[in-house]
Amino acid sequence: MLVSLARVASESGWVRPIVDGSDVLEIAGGRHPVVEKALAASGEGPFVPNDLSLDGQRRLLILTGPNMAGKSTAMRQAALITVLAQAGSFVPAARARIGVVDRLFTRVGAADDLARGQSTFMVEMAECARILNQATPRSLLVLDEVGRGTSTFDGLALAWAIAEQIHDVVTARTLFATHYHELCDLAAEKPRALNLTMSVSEVDGRVVFLRKIVPGAASRSYGIQVARLAGLPDAVLRRAREILANLEAQEPADHRHKQLPLFEAHKSAVEEALGQLDLSRMTPLEALNWLADQQKKLR
Ligand SMILES: Nc1ncnc2c1ncn2[C@@H]1O[C@H](COP(=O)(O)OP(=O)(O)OP(=O)(O)O)[C@@H](O)[C@H]1O
Ligand SMILES: [Mg+2]
């Protein structure tokens, strides 16, 4: 086993990681060893290395980005590098520092276990329950698209609540990929959450994957473009575009209405303004005028 690890390390340019007692997980130029090899074998261009950094202040990384952009690959390579490092191996990265992880939890993919009485969504939720109940602040969590096996609003609500619980209570280092772009609002509310996205560029309406993780949030999933790449019949794609346009046209009014309960934690404009007041520099009269202004706006 050791000879195998040594050999793959020397042939594939792996490096010796630092493994310590910190709560850091820092990977520079990380690669997914299997995807990298597969891309090289098929001649489909080079694997794009990525950086990832978690520590005491950065606990919950919310990763958004189009389908096929490389979210799952980036998360799994971080998990693989962690396992390899703790097993005593070199790792596929330019540099890595891994604060020891007590357990690695994953929730990925859509599988069912019909023989044991578990539907696809049941399996998904059972895995989430296990993570929320058993993970410690020392664990590493990889959650890939939680909440996809049910209706959109149920799924979004569950994904949101699970992410909050992880941030507030579990506090484990967490990589959380999602197509619910609404979840990016968590980063504004939660001190240890932040948004990362896979960069893409659009050329003549076609999406080009750059495979680089950058700060920020995605606004679209490009699902129909990816379905086209996958070979869905033209008629279906045309119809899907039509339906999408209709849905998007309806969205503003509907969306705001439906999202209200979910977004209660958001500050209203009044609360926002109130938070920014510098009371120590205001006279009582100014404060009273401000109050009157706000009241006027509400009427
Ligand atoms: N860093 C990378 N460099 C080069 N190719 C990559 C990289 N990451 C992913 N890919 C390629 O893109 C494919 C899709 O990646 P991945 O499954 O991670 O996308 P995703 O963002 O999770 O998509 P989805 O939202 O559909 O799950 C991989 O199978 C691989 O071929
Ligand atoms: Mg994925």
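How many nonpolar, polar and charged residues does the lining of the second largest pocket have? I counted by class and found nine nonpolar, five polar and three charged residues, with Gly among the polar ones and Asp, Glu, Lys and Arg as the charged ones.

Before going further, I note that this is a predicted model, in which local features need pLDDT of at least 70 and side-chain atom pairs count only at pLDDT 80 or more, while totals for chains, interfaces and linings use all residues. Residues are numbered from 1 along each chain, ligands are numbered from 1 in the order written, and side-chain values use heavy atoms without hydrogens and water.

I then looked up the pocket (on a 1 Å grid over the protein atoms alone, an open set of points where a 1.4 Å probe fits, with protein on both sides within 12 Å along at least five of seven lines; lining residues have an atom within 4 Å of a point). About 370 Å³ of space lies in it, and among the residues closest to its centre are Phe-47 and Arg-211. Four lining residues come from α3, the largest share.

Next I checked ligand 1, which sits in this second largest pocket (more than half of its atoms lie within 2 Å of the grid points). I found 16 residues around ligand 1, each with a heavy atom within 4 Å.

For polar contacts (N or O pairs within 3.5 Å), I noted ligand oxygen atoms 2.8 Å from a polar backbone atom of Met-68, 3.0 Å from a side-chain N or O atom of Asn-67 and 3.4 Å from one of Glu-145.

Conventions: Polar contact = N/O pair within 3.5 Å; in protein donor to acceptor, adjacent residues only side chain to side chain. Points joined across faces, edges and corners; volume = space filled by probe spheres on them. Helix = DSSP H or I, 4+ residues; strand = E, 2+ residues; numbered from the N terminus.
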